[in-house]
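This report examines selected features of a single protein structure. The sequence and the structure are shown first.

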Amino acid sequence: MRRRALSVLAAGSIAALLLSGCAGSSNDAGEGGDDARIRVARSFAPTAGLSPYSDDATTLSKFGSAETLVQLSDDLEAEPLLATDFEQVDDLTWTFTLGSGVTFHDGTEMDAAAVKNALDHASSAASPPRALKGVKLTVEATADDKVTIKTDIPDPLLTNRLTSPQLSIFSAAAYKDDGTVDPVGTGTGPFVLTKVDGTTTATFDRYEDYWGDKAKLAGIDVSFVPDGQARASAIRADEADVADNIPVSQASLLDPDQVFQVPTVRSMYIALNTKTGAFSDPAVRAAARAAIDPSKIVKTVFEDQSEAADGLLSGAVPWAADHRGDTTSAASPAKVSGTAITLATYTDRPELPEAAVQLQKQLEDAGFTVTQDVREYASMEKEILGGAFDAVVMARNTMLDTGDPLSSFFQSDFTCEGGYNVSQFCDPKVDELVKKGLALPTGTDREKATMDVEAAVLQADAAIPLVYMSTTLADNGKFKDVVRDPREQRLITAQTAPAK
């Protein structure tokens, strides 16, 4: 047996315009029967034509079009999906047994050769999936239903890497000569992506020959609606059945029965520049941390719909609180009077600029002189990563790509060679903690090692925890089994069905 795992007035018009492109028969959604379709207003539009090697991969997983060899359970343990079994042979070698009867959406068979082809293309891509960072794969089709994967270094995290939506398996037709990947009609999931209209709409239809339980819905009509006010208006006007990432300010305007708070693994914190400027002094960093009251941010910005943070990993990481150590500042706070700092953040997440306003007041009350720099992320990324600011208000998915915060978050953000080290933080002792933790297999010891790193980072005040962020999902109740996923990788599945 397989395991299966704008203005207020304008907002409604915008929603109607964008959603009309996918409406079709979905106007009858929720009335039951095999022809029911669900309408979804999605916040993040495709940035790379739904290429699985980009963040667009999450859209493919949210709507059940693309699948991976392995998936993560709710307890963050790797378990079979397209592969029915896997085994570690030695430090460098793993074998995966593939399920039978799996066909791609174009009708071709998924066998070991197809899996090798998919993983080879991912490994050799001009911009390989982030989940493969730091490791090189050699893939062999050792039988029609068996794949052997060797890594160039011992990698206890290989199965976690293979759960990333960016490593989904597509048919040979998806991989083009120019290096691009076309997911239209080439995945394996319960829904086939049949059409993408730029950054406006996407259509998914039930795949009748799916290897697992056939989808209960006829399809999904997705509209990409970046404006949060417009997404909320679409729910109020019954132009969408589900809308994600509803702004806190709009949630109160919806029927309370249609609003759901979903705890996530995303955390908001302030990254302090530990290399240059005022915060190169540990005592000044400690003073800034002492000045911040996260509960006020939760109350004023999030209207008590999220939780004040006492660390960097939220309660949606199931083991974080159990292993959390001493996270208090190691330095005594300095007395500050007129110390000038630049506080930066980006507008892509509307709660961040709102939080920056509150943080500026708290820091100024403590004696700092604060200048804000708030722009779109794309226009300031080089400055953020280059240490141009004293402090940056961040929102980070701490379990991106692998479901392992040690490799996907702490290693990249708080080690000397980290590729996303906004804090410019470099402590050989922390690097050593990370190195030792990365060598451990998944499980309790690795979890404890991860929390040791968190404690060391916070004792050094390289970051100031603010909020464990939740996301607001709007659901009009016409459908059941819409997934509320803390990792934000699933939304509509084969089990989603009309409520009546």
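Predicted model: local features only at pLDDT ≥ 70, side-chain atom pairs only at ≥ 80, totals over all residues.

Four strands make up an open sheet, ordered β4-β5-β7-β6 and paired in antiparallel fashion. At its edges stand β4 (83–88) and β6 (137–143); each has a single partner strand, so one side of each is left without a neighbour in the sheet. From one strand to the next, the twist averages 20 degrees. Strands β5 (residues 93–98) and β7 (residues 146–151) run antiparallel and are joined by 5 bridges. Within this pair, T97 is placed opposite K146 in β7. Helix α3 (residues 112–124) packs on the sheet, where it touches β5, β6 and β7. The direction of α3 makes about 175 degrees with that of β6.

**Nonpolar cores**

In soluble globular proteins, nonpolar side chains tend to be buried together. Here, the largest nonpolar core comprises 68 residues. Those with the most contacts inside this core are M268, I270, L312, F368 and F414. Strand β12 (residues 259–272) gives the most to the core, contributing 6 residues. Setting aside residues up to four places away in sequence, F414 touches a group that includes Y269, L312, F409, F425, V430 and V457. The contacts of F414 also include N421, S423 and D431.

**The disulfide**

How many disulfides does a search of the whole structure find? The search finds 1, formed by C416 and C426. Its geometry is summarised below.

| Property of the C416 and C426 pair | Value |
|---|---|
| Distance between sulfur atoms | 2.0 Å |
| Torsion about the S-S bond | about 90 degrees |
| Separation in sequence | 10 residues |

Because the torsion about the S-S bond is about 90 degrees, the disulfide is right-handed. Both C416 and C426 lie in the loop between α12 (405–414) and α13 (428–438), so the pair ties together parts that are 10 residues apart in sequence. C416 is partly exposed, its relative accessible area being 27%.

**A buried arginine**

R349 is located in the loop between β14 (339–346) and α10 (351–365). Is R349 buried or exposed? With a relative accessible area of 15%, R349 is buried, because that value is under 20%. Apart from its neighbours within four places in sequence, R349 is in contact with F44, R266 and A395.

Technical notes:
Residues numbered from 1 in each chain as written. Heavy atoms only, no water. Helix = DSSP H or I, 4+ residues; strand = E, 2+ residues; numbered from the N terminus. Buried < 20%, exposed > 50% of the residue type's maximum accessible area, 1.4 Å probe, protein only. Contact = heavy atoms within 4.5 Å. Pairing = 2+ DSSP bridges. Axes fitted to C-alpha atoms, helices over the stretch in contact; angles between N-to-C directions. Core = buried A, V, L, I, M, F, W, Y, C linked by side-chain atoms within 4.5 Å. Disulfide = S-S within 2.5 Å.
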